[in-house]
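Student: I am new to this structure and would be grateful for a close look at one part of its backbone. Please proceed step by step and then relate that part to its surroundings.

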Protein chains: 2
Amino acid sequence: MTQDSQAESPRLLVMEDDGELAGMLATLLHGKGYSVDVAEDGQRGLHLALSRRYNVMLIDRRLPAIDGLEVLIRLRRRGVTTRALMLTALGDVSDRVDGLNAGADDYLVKPFEVDELVARVRALDRRFLDEAQLVPVGDGFLDMSLHDVELPDGRRVALSRREFELLRMLAVRPGAIHPRDQLRSRLFEDTNAESIVDTYVYYLRRKLGTGVIRTVRGFGYQIGAL
Amino acid sequence: MTQDSQAESPRLLVMEDDGELAGMLATLLHGKGYSVDVAEDGQRGLHLALSRRYNVMLIDRRLPAIDGLEVLIRLRRRGVTTRALMLTALGDVSDRVDGLNAGADDYLVKPFEVDELVARVRALDRRFLDEAQLVPVGDGFLDMSLHDVELPDGRRVALSRREFELLRMLAVRPGAIHPRDQLRSRLFEDTNAESIVDTYVYYLRRKLGTGVIRTVRGFGYQIGAL
DNA sequence: CCCGGCTTTGAGGTGGTTCTGAGAATCAGT
DNA sequence: ACTGATTCTCAGAACCACCTCAAAGCCGGG
């Protein structure tokens, strides 16, 4: 599908129910070189944020279907670390505090100045790390668009959807330990088997060699670093 | 104060020329568990930020000697990445944009709500903690994210879950004496053996050497502090 | 509809971890 | 130095996390 997503432009997700404002934001940010998706309610926003990768999300505090704050909480609970800029109504301080505690990286009070919005988005975007096309795993590279791995000897091994998702999760934050429970709830939501993660780690190791994914007994799995 | 406040609590640097406000901030944040240094002008602020390590800096936009914005720019140019929260005067939008472009991670408009300041500082601090964090233990370092210890000779020793929990407990408040009963009730809730803590101290000493954890006979164990 | 790959499930084995207890060593006070 | 209390050492057993892998279920393409 999105073959041409080689486009280097940073991706934004705007969750805003006011169509006019949303359109304005999209136009504005597009003009600044961003690729913008718009979700008009929390439901769609949540879905988009889970299924695609964004550099920054703009989330209106109040949204239909699922409230903006709730969307953010669910995303963070699922391990999504995408930078979030929360848009709040004027004057409600506790709202902002709630947003920050829910995992927002910043917020902006409506109505806001255009300059400022752009500056904030830029600031958050600068902090954005991943979203690379080729992510190093072990001595090879995970190709995000082809869903395969290029090994140091040049061989390419294809990954199944689940294998890819698991490896991506690990690879995006190299060095970090990913608790097995977190991996399980994020990747295998409605699965009963306790050892589903283990099994896929096993599959990956069989394909990539045993040196890539490290087990941290009692905690989880880790990639890269050391 | 006491020289042992080394790695104990998160460290903040407040650059603020209004003595009253500075004092208020220091008291407030100290009450929230932070260790706070105050610089009354840009000169000193710059010097402190360069010579010591802080988790978060609060910088007043306007400062004597060297302007706050200028301080931040110089720090960033020198490669200092410490999170910076800029305090700006009311209503000056371009000021804030300048601040963010200069490398500020966030800003706050004066006058501000106390809750909000704390929430912002917490948010920034959390971001800081996510990036590794090494806590000194003896002559080595406890790596909080990797759950292991880096010894002075470069060797790394892995810790089991319990070993890690115990060592972290001791390491987080260096110099403090941790009563053995307190350790036992917190770490080994449902365990019968009276000497379970002793055993794990033994395991740790075997891995880290005998000089790291000190026994305070009749009371408990202690780490760091001479 | 049938085939082949993907996903899920669970059983069995392995080895590190945790708990337990008991004797040896050490310490503080007399 | 003696003595009782405290701490250290350590090994064995129970436990549990993890690995391996086969088989059954699922789903989509031919």
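Tutor: In this predicted model, A:Ala65 has 15 C-beta neighbours inside 10 Å and therefore counts as partly exposed; a buried residue would need 20 or more, and an exposed one 12 or fewer. A:Ala65 is found in the loop of chain A between strand S3 (56–60) and helix H3 (68–77). Its backbone deserves attention: phi of A:Ala65 is near 70 degrees, a positive value in a residue other than glycine. Most residues other than glycine have a negative phi, and most peptide bonds are trans.

A positive phi also occurs at A:His147, where the angle is about 60 degrees although the residue is not a glycine. A:His147 lies in the loop that joins strand S7 (140–143) and strand S8 (148–150) of chain A. Because A:His147 has 16 C-beta neighbours inside 10 Å, it too counts as partly exposed.

B:Pro111 is located in the loop between strand S5 (106–109) and helix H5 (114–130) of chain B.

By class, the surface near DNA strand C has 11 polar, 8 charged and 6 nonpolar residues.

Key
Residues are numbered from 1 along each chain as its sequence is written. Chains are lettered from A and ligands numbered from 1 in the order in which they are written. This is a predicted model: local features need pLDDT of at least 70, side-chain atom pairs count only at pLDDT 80 or more; totals for chains, interfaces and linings use all residues. Helices (H or I, at least four residues) and strands (E, at least two) are DSSP runs, numbered from the N terminus. Ala, Val, Leu, Ile, Met, Phe, Trp, Tyr, Cys and Pro count as nonpolar, Asp, Glu, Lys and Arg as charged, and the others, Gly among them, as polar.
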